[in-house]
Amino acid sequence: MTHKLAFIGFGVVGQGLAEILHNKRQSLQEREGFEAKVVAISDFKKGSLYHPDGLDLEAVLDAVQKTGSLDSYPKTEGLITGWDSLETIRQSNADTVVEVSYTDVKTGQPAIDHCRAAFQSGKNVVMTNKGPVALAYRELSALANEHHVSWGFEGTVMSGTPALRMPKLALAGNDITEIRGILNGTTNFMLMRMDEGESYESALKEAQKLGYAEADPTSDVEGLDARYKIVILAQHVMGMPLSVEEVECSGISNMTPALIEEARMEGKRWKLIASATKEGGRVKAKVAAEKVPLDDPLASISGALNAITYETDLLGPVTLSGAGAGKTETGFSLLIDLLAIAKAREAVRS
Ligand SMILES: NC(=O)C1=CN([C@@H]2O[C@H](COP(=O)(O)OP(=O)(O)OC[C@H]3O[C@@H](n4cnc5c(N)ncnc54)[C@H](OP(=O)(O)O)[C@@H]3O)[C@@H](O)[C@H]2O)C=CC1
Ligand SMILES: N[C@@H](CC=O)C(=O)O
C-alpha cells in the first residue's frame with residue numbers, strides 16, 4: 001500500500017526527508033515494505049505543488065536546490081499550484097501531513113491549526129515542529145484519537161535519536177522520576193566552538209549554516225527551544241502536566257570567553273542543561289547553563305550531539321545520546337514515525 005504525503009514547509013528538514021525517501025526508495029520497499037508518494041508540498045516562499053498521482057521527487061529537489069523555489073517544477077497535466085497550507089491539508093488526497101514549518105515559540109501557530117485541520121480531515125500528522133506538542137498536547141492527542149488517526153512527533157526532541165520512543169516502549173513499566181540532558185544542538189555546538197576559541201557570533205553563524213538553528217535563533221540561544229523540549233518530555237514521557245510558563249529558563253546569550261575560561265580553570269565545561277523532576281505529584285523543570293565537571297558523561301557530548309538521562313525506578317539511570325539536530329538526522333525522525341504508522345495500518349488490515 002502506498003502512503004501519500006503532503007509536506008507543509010519545505011526547508012532543511014522537509015528536504016532532508018524528501019532526500020531519504022528518494023535515495024532509499026528501493027531499500028525501504030524491499031526491507032520495510034514501505035512505499036511513499038509525495039502528492040503535495042506547500043511552502044511559504046518556495047511555492048506549492050499538488051498532483052493527486054504524486055510528484056517527481058528528483059525534479060522537486062532539483063528545482064528547489066538549484067533555484068530556491070518550486071516554480072521551475074515541470075508543469076505536467078493535472079498539476080495544481082498555489083494552494084496554501086490549509087488548502088493543501090484539507091483538499092489534497094494525502095493520508096499523512098508532514099508538518100515541518102517554523103516552530104513559533106509564542107503561539108505554536110499556524111502549526112496547531114494545521115494539526116487540527118489534518119485530524120478533522122481524517123489525516124495523520126508527523127511533525128518536527130515543537131509548538132503544537134509543547135502547547136496543545138492534550139487537545140491534539142484527543143482530537144487525533146477522536147478521528148482515529150495517528151500523530152507522530154519523534155523529531156521534536158533530539159531529532160532522529162529516539163528520545164521519545166525509547167522510554168515509551170523500551171522502558172515501559174518504569175516510573176521515570178527525573179529527566180536531565182542536553183537538548184539543543186545549536187547551543188551545544190556553539191559552546192564547543194567557543195571552547196575552541198571561536199567568537200559567539202561566528203559560532204552561531206556556523207550553526208545556522210549547518211542547518212541546526214531555528215529560523216529565529218533566539219529560540220536556541222535563550223533556551224526557549226530546550227524549554228519546549230522538556231515540556232514535551234514531561235507530558236509525553238512522564239505523563240505529567242507541565243506548561244511552558246512553569247519552566248524556569250535562561251540560555252547562553254550572556255556567555256563570554258571569560259566565563260568559558262573560568263570553567264576551564266575549574267576543570268569544568270559549560271552545557272545548557274534541561275531537567276524535569278517529579279516532586280510531590282508535580283514536576284519541577286528548568287533550563288539553564290551549568291558548569292559540568294569534565295568527568296560527568298554530559299561534558300563529553302560535543303557539537304550538535306544531544307544526550308538525555310532518564311532516572312527509572314526499576315533500571316536506575318538510563319542515558320541515550322545521539323544527533324540533536326541536522327537535515328538528514330531530523331528527516332530520519334519523520335521516517336521512523338511514517339514507518340510506525342505504516343506498520344500499525346498493516347497490523348489492522350491483517
Ligand atoms: N533543523 C533541525 O535540525 C531541526 C528542526 N526541527 C524543527 O523542524 C521544523 C523545520 O525546521 P527546518 O526545516 O530546519 O526549518 P526551515 O526554516 O529550514 O524550514 C521551514 C520551512 O517552513 C516554511 N514555512 C513556514 N511557515 C509556513 C507555513 N505557514 N506554510 C507553509 N510553509 C511554511 C518556510 O518557508 P520560507 O522559508 O520559504 O518562508 C521554510 O521553508 C521547525 O519547526 C524546527 O523547529 C526539529 C528538530 C531539528
Ligand atoms: N534548533 C534545534 C533544532 C532541533 O530541534 C537545535 O539546535 O537543537
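## Helix packing, domains and ligand shells

Helix H8 (residues 185–195) packs against helix H9 (residues 200–209) at an angle of about 135 degrees, and their axes lie 9 Å apart. That angle makes H8 oblique to H9, since angles under 35 degrees count as roughly parallel, over 145 as roughly antiparallel, 65 to 115 as roughly perpendicular and the rest as oblique. This is a predicted model, in which local features need pLDDT of at least 70 and side-chain atom pairs count only at pLDDT 80 or more, while totals for chains, interfaces and linings use all residues. Residues are numbered from 1 along each chain as its sequence is written, and chains are lettered from A and ligands numbered from 1 in the order in which they are written.

- Helices (H or I, at least four residues) and strands (E, at least two) are DSSP runs, numbered from the N terminus.
- Axes are lines fitted to C-alpha atoms, for helices over the stretch in contact, with angles running from 0 to 180 degrees between N-to-C directions.
- From H8, Thr186, Phe189, Met190, Arg193 and Met194 meet Tyr200, Ala203, Leu204, Glu206 and Ala207 of H9; contact here puts C-beta atoms, placed from the backbone, within 7 Å.
- By class, this contact of H8 with H9 has 7 nonpolar, 1 polar and 2 charged residues.
- Ala, Val, Leu, Ile, Met, Phe, Trp, Tyr, Cys and Pro count as nonpolar, Asp, Glu, Lys and Arg as charged, and the others, Gly among them, as polar.

**Two domains**

- The protein is divided into domain 1 (2–159 + 328–349) and domain 2 (165–324), with bounds from an automatic or database domain assignment.
- Taken over C-alpha atoms, the centres of domain 1 and domain 2 are separated by 27 Å.
- Domain 1 puts 15 residues into the contact and domain 2 puts in 20 residues.
- Helix H6 (residues 131–146) gives the most to the side of domain 1 that touches domain 2, with 4 residues.

**Around the ligands**

- Ligand 1 has 30 residues around it, of which Gly9, Gly11, Phe44, Lys45 and Ala325 come nearest; a residue is near if its C-beta atom, placed from the backbone, lies within 6 Å.
- Helix H1 (12–23) and strand S2 (35–43) are the elements that give two or more residues to this shell, and H1 gives the most, with 3 residues.
- The shell around ligand 1 draws at least three residues from each of domain 1 and domain 2.
- Around ligand 2 are residues including Ser159, Thr186, Glu214, Asp220 and Asp225.

Terms used: Two residues are in contact if their C-beta atoms, placed from the backbone, lie within 7 Å.
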